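Please keep the model open while you read.

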Amino acid sequence: MKNLIAGNWKMNGTMSEAITLAQNIVQAIQNEVELLKKNDFLVCPPFHHIVPVQAELSMAVSIGAQDCSPFSNGAYTGDVSAEMVKDVNCSHVILGHSERRQYYVESNLMVRQKAMVAHEQDLTAIICVGETEEQREAGQEQEVVATQMLESLPETATAENTVIAYEPVWAIGTGKTATTDDIAAMHDFIRGKLAEKIDNAASVRLLYGGSVKPANAAEIFAVNNVNGALIGGASLKAEDFIGIAKAS
Ligand code: PEP
């Protein structure tokens, strides 16, 4: 399967910076079209940047949202529904990112509800899981990740509409990356556990996320059961984002 190179732009940048970043990414891919043989590209800007960014993107780069409401529509001030995300031609939505779990106390149940409404809209849900440093030090990482993943996955999940992103919390935005042995162990474990919930689990894309950059991407992509990366900081520079794809 092709690697998915997914950029999570988080809450960064002005409208014009977002547009410039999109233009630079498209230009960089046009300069290296062979990258498309091995990679699919996705960018997830802040909600209100989605439409203008998409106007700059070519078919080569898909667009997604960073979250959606667990509710379908109605009186939920501040929320953006999966239907609205789909309506602006997004193909993916990131759900259960550790920053949402940490700062907005999102539970597995809420992530599951969001994934269900996303699937109803034919969006691919990128469901994020990952342990904290304390949980890893206590040897609980597999138990934590299995619980998050199995409780967050709705019955509607299939290999086509679901991607799992393993993002150890301690590796996000810190410059620390998990060792390739740790990534291999967790991705093999996730693949095995997924079979309990999804038919054809071998076809589900498993992304690694946590301080991925051009310098460490090749060794991460070489790990069995790594099918791409969810990239935060390095996705904000076209050169680094594309540099990561070049390593695959
Ligand atoms: C992320 O937030 O999903 C992420 C992986 O961030 P970073 O690449 O900056 O660690």
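1. Let me start with what I mean by a pocket. On a 1 Å grid over the protein atoms alone, a pocket is an open set of points where a 1.4 Å probe fits, with protein on both sides within 12 Å along at least five of seven lines, and lining residues have an atom within 4 Å of a point. Grid points are joined across faces, edges and corners, and a volume is the space filled by probe spheres set on the points. With that in hand, the second largest pocket holds about 230 Å³ of space. It has 18 lining residues, and G173, S211, V212, G232 and G233 are the closest to its centre.

2. A word on the basis of these notes. This is a predicted model, in which local features need pLDDT of at least 70 and side-chain atom pairs count only at pLDDT 80 or more, while totals for chains, interfaces and linings use all residues. Residues are numbered from 1 along each chain as its sequence is written, and side-chain values use heavy atoms, with hydrogens and water left out.

3. Now for the largest pocket, which has a volume of about 620 Å³. Its lining has 24 residues, with F47, Q66, D67, R100 and Y104 nearest the centre. Two elements each give two or more residues to this lining, α5 (98-103) and α6 (108-120); helices (H or I, at least four residues) and strands (E, at least two) are DSSP runs, numbered from the N terminus. The most comes from α5, with 3 residues.

4. Do look at R100 and Y104. The charged end of R100 sits over the ring of Y104, 4.1 Å from the ring centre (the test is NZ of Lys or CZ of Arg within 6 Å of the centre and within 35 degrees of the ring normal). R100 also belongs to a network of salt bridges with D67, E106 and K114.

5. Which residues pair with K114? A salt bridge here is a side-chain nitrogen of Lys or Arg within 4 Å of a carboxyl oxygen of Asp or Glu. K114 meets D67 with the closest N and O atoms 2.8 Å apart, and E106 with those atoms 2.6 Å apart. K114 counts as buried at 3% relative accessibility, as do D67 at 10% and E106 at 7% (buried is under 20% relative accessible area, exposed over 50%, partly exposed in between, with a 1.4 Å probe and protein chains only).

6. The structure holds 14 salt bridges, and another of them joins R112 and E155 at 3.7 Å, N to O. This pair links distant parts of the chain, R112 in helix α6 and E155 in the loop between α8 (141-152) and β6 (162-166), 43 residues apart. R112 is partly exposed at 23%, whereas E155 is exposed at 63%.

7. Finally, the whole structure has 3 aromatic pairs. Rings of Phe, Tyr and Trp (its six-membered ring) pair if their centres lie within 6.5 Å, and planes under 30 degrees apart count as stacked, over 60 as edge-to-face and the rest as tilted. F41 and F241 are edge-to-face because their planes stand at 65°, with ring centres 6.1 Å apart. F41 lies in strand β2 (residues 39-44) and F241 in helix α11 (residues 238-246), 200 residues apart. F41 is buried at 2%, and F241 is buried at 0%.
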